[in-house]
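Q: I would like to go through the packing of this model with you. Could we begin with the helices and then turn to the sheets?
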Amino acid sequence: MLQRLVRVRAIAVAISSSSPKISSPYSIPPTFTRTLTFTLSRLSSTMASTDDSLRKSLADKHAAVEAQGNTVRALKAAGAPKPEIDAAIEALNALKLEKASIERSLLGGSETREAFRQAVVNTLERRLFYIPSFKIYRGVAGLFDYGPPGCAVKSNVLSFWRQHFVLEENMLEVDCPCVTPEIVLKASGHVDKFTDLMMKDEKTGTCYRADHLLKDFCNEKLQRDPTLSSYKIAELKHVLATLDDLSAEELGAKIRDYGIVAPETKNALSDPYPFNLMFQTSIGPSGLSPGFMRPETAQGIFVNFKDLYYYNGNKLPFAAAQIGQAFRNEISPRQGLLRVREFTLAEIEHFVDPQDKSHPKYAEVADLEFLMFPREQQMSGQSAKRILLRDAVSKGIVNNETLGYFIGRVYLFLTRLGIDSGRLRFRQHLANEMAHYAADCWDAEIECSYGWIECVGIADRSAYDLRAHSDKSGVPLVAHEKFSEPKEVEKLVITPVKKELGLAFKGNQRMVVEALEAMPEKEALDMKAALESKGEVEFQVCTLEKNVTIKKTMVTIQKEIKKEHQRVFTPSVIEPSFGIGRIIYCLFEHTFYTRPSKAGDEQLNVFSFPSLVAPIKCTVFPLVQNQKYEEVAKLISKSLTAAGISHKIDTTGTSIGKRYARTDELGVPFAITVDSTSSVTIRERDSKDQVRVDVEKAATVVKEVTEGHRTWEDVWLNFPHHSSTSADD
């Protein structure tokens, strides 16, 4: 309870420059957890949970004001005594004040979130975690550069991702090109369907994403208009819930109905129309081979399935992983790192037998309990609830064990990075969001000042991708299950007559034969019926990119009873896909807080990064400029380097308090201060507690704590405590 109080009060100081300064820091007893996560999202979530009750109170108060106003008017009309009228007016004014107070409470949440967000972004840009790309040329929307601390945080997140997923699951990691031939993305459906609906300012030509215009309008009304009726609130919330299901015509009609115009100019907007989000390019100097910058990394894994399956000893299940850049030509990039045009994806494709989606390590995560938001709760207007993963899988809320296993592993990954588990939920896709081929899909959503943000998608994509590439390429992307005993099965046998095909297609004979042999059963039966009735049929050969005429004499299609020694099938795919930039931004917000300086005259920024992701693990400070102390600092620095601990040494004469404040703002968890030649102090960032340690043990202690082999609580209990009036605390 004390931790919650400290967290909320610290945030209140962080976000309101006009509020009174706190004159002394809040002290937490050593028995409490040292690393506190101070988040605005916890505060805003509390306000969001009371939003409906506040609106009900406002409606009741509005009715009371109306009734009391009628009472005043009736008293005046009846010529009532002045004291009675004055008392009625006083009661009316009191009700109006109460109504205004509720209105301020309703409107304050978004202002608070914006102030907090601005404090975070200002700190991130000033300390060079990230900055707009090409800044001296006024930048380009949707492109950002990571600076030194940002690069370090990103590198640490990706390193832990590899450890948590690739190493733990013995995944096969690949690295594929960013430039992708058009035929690959044609097969995957991206060329035809990877679009968003766009609208243009009819006078200036400025482009806007249509669904964002409608979404922003609805959110703005819900957050800033306290006079909305319950009917209107329900209507706007329904629009937000069904936004992804609206056609271009329906979306345009809604925008016209609400009178939405271009945000900057207030000009009229065009009708919505589809815009493909991929960056197009050409491969080679002739320009005749079209290509695209990949919008995701997954396709590189799918097209390599055959070789990866062979590399894995022709055994299922197995997973392949890839980390790399992806590119989407966003119509209107916004929200900093959350919606950009170039970003880092980390994707996993777990290939599994569609008849057996169990997972041998499912029991390791089955007893995890966290916020889940099944589609039934969403459709009925309920909130996310804590659900035991085992129950979600056994009740069929989550489609299968393997999907459930990866949901559990994603939860562990995010919370170990430093994401607040109370602001993390897994939301199931609604029917209007699901791809037609998907068996089930969940998003890991993290709450930040922008609301709930999708950061990880975990989908059971069935066998769609491998089948699509098999059909387009003519290369079967299949797996095999060998039987211990041969089985008699009725089999559709497709036998191309190579002599007839050779005469008809000459050099293209091989590609036609391969396409015929790769036909799905339904297509083959349709061809058989057409050949028997018409004698010939048009047949598309993907590798030739054209239709050819197949005659009855060119192929035999019939069902036969055959003995089979193996089963041939197309594997299903479970795909966890991670938006690394989005995760990192949410991590920045979840770990940011401010605390007052000792004098209480300023607020000091802190990022409470776990050691796992902190850009620098430790700083080394000689207390004063003294050659002996500086030699000890250099000795400790060498020990930290040998131990593989990233650190920074600062021998400037700046006061130790200011040096602590500078490194707290970078999220450095530990500081070693050299104030003698025999022992040093180690300070922990969030508690500001210090212990005294022998010089030769300092690097070892820091290494043990940063790598998780020892807790700060254990260090606190086993080393002498130190306090210093010269430091910031």
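Q: At roughly what angle do the axes of H8 and helix H9 cross?
A: This is a predicted model. In it, the axes of H8 and helix H9 (residues 230-241) cross at roughly 150° and come within 10 Å. The two helices are therefore roughly antiparallel to each other, since an angle over 145 degrees counts as such.

Q: Is that crossing left-handed or right-handed?
A: H8 passes H9 in a left-handed crossing.

Q: Which residues make the contact?
A: On the H8 side they are Leu214, Lys215, Phe217, Cys218, Asn219, Lys221 and Leu222. H9 contributes Ile233, Leu236, Lys237, Val239 and Leu240. By class, the contact of H8 with H9 has 8 nonpolar, 1 polar and 3 charged residues.

Q: What about H17 and H18, how do their axes cross?
A: The axes of helix H17 (residues 498-505) and helix H18 (residues 509-517) cross at roughly 130° and come within 9 Å. That angle makes H17 oblique to H18. The crossing of H17 and H18 is right-handed.

Q: And which residues are in contact there?
A: H17 brings Lys498, Leu501, Gly502 and Phe505, while H18 brings Gln509, Val512, Val513 and Leu516. The residues of this contact of H17 with H18 divide into 5 nonpolar, 2 polar and 1 charged.

Q: On to sheets. In what order do the strands of the sheet with S5 run?
A: That open sheet has 3 strands in the order S6-S5-S7, with antiparallel pairing. Its edge strands are strand S6 (207-209) and strand S7 (273-276), each of which pairs on one side only. Neighbouring strands of this sheet are turned by 50° against each other on average, direction ignored.

Q: How many bridges join S5 to S7?
A: There are 4 bridges between strand S5 (residues 195-200) and S7, and the two strands run antiparallel. Within this pairing, threonine 195 stands opposite asparagine 276 in S7.

Q: Which strands of that sheet does H8 touch?
A: Helix H8 (residues 210-224) packs on the sheet and touches S5 and S6. The direction of H8 makes about 65° with that of S6.

Q: What is the strand order in the sheet of 6 strands?
A: The order is S25-S24-S26-S27-S28-S29, in an open sheet with mixed pairing. At the edges are strand S25 (647-649) and strand S29 (721-722), each pairing on one side only.

Q: In which sense do S28 and S29 pair?
A: Strand S28 (residues 690-694) and S29 pair in the antiparallel sense over 2 bridges. The bridge partner of glutamine 690 is histidine 722 in S29.

Q: Which strands does H21 touch?
A: Helix H21 (residues 627-642) packs on the sheet and touches strand S24 (618-622), S25, strand S26 (670-674) and strand S27 (679-684). The direction of H21 makes about 165° with that of S24.

Q: And H22, which strands does it lie across?
A: Helix H22 (residues 656-664) lies across S24, S26, S27 and S28. H22 runs at about 165° to S24.

Q: Changing topic: how many salt bridges does the count come to?
A: The count comes to 40 salt bridges. One of these is formed by arginine 386 with glutamate 369, whose closest N and O atoms are 3.6 Å apart.

Q: Where do arginine 386 and glutamate 369 lie?
A: Arginine 386 lies in strand S13 (residues 385-388) and glutamate 369 in strand S12 (residues 369-373), so the pair ties together parts that are 17 residues apart in sequence.

Key
Residues are numbered from 1 along each chain as its sequence is written. This is a predicted model: local features need pLDDT of at least 70, side-chain atom pairs count only at pLDDT 80 or more; totals for chains, interfaces and linings use all residues. Side-chain values use heavy atoms; hydrogens and water are left out. Axes are lines fitted to C-alpha atoms, for helices over the stretch in contact, and angles run from 0 to 180 degrees between N-to-C directions. Angles under 35 degrees count as roughly parallel, over 145 as roughly antiparallel, 65 to 115 as roughly perpendicular and the rest as oblique. A crossing is left-handed if the near helix is turned anticlockwise from the far one by less than a right angle, and right-handed if clockwise. Contact means heavy atoms within 4.5 Å. Ala, Val, Leu, Ile, Met, Phe, Trp, Tyr, Cys and Pro count as nonpolar, Asp, Glu, Lys and Arg as charged, and the others, Gly among them, as polar. Two strands pair if DSSP finds at least two bridges between them. A salt bridge is a side-chain nitrogen of Lys or Arg within 4 Å of a carboxyl oxygen of Asp or Glu.
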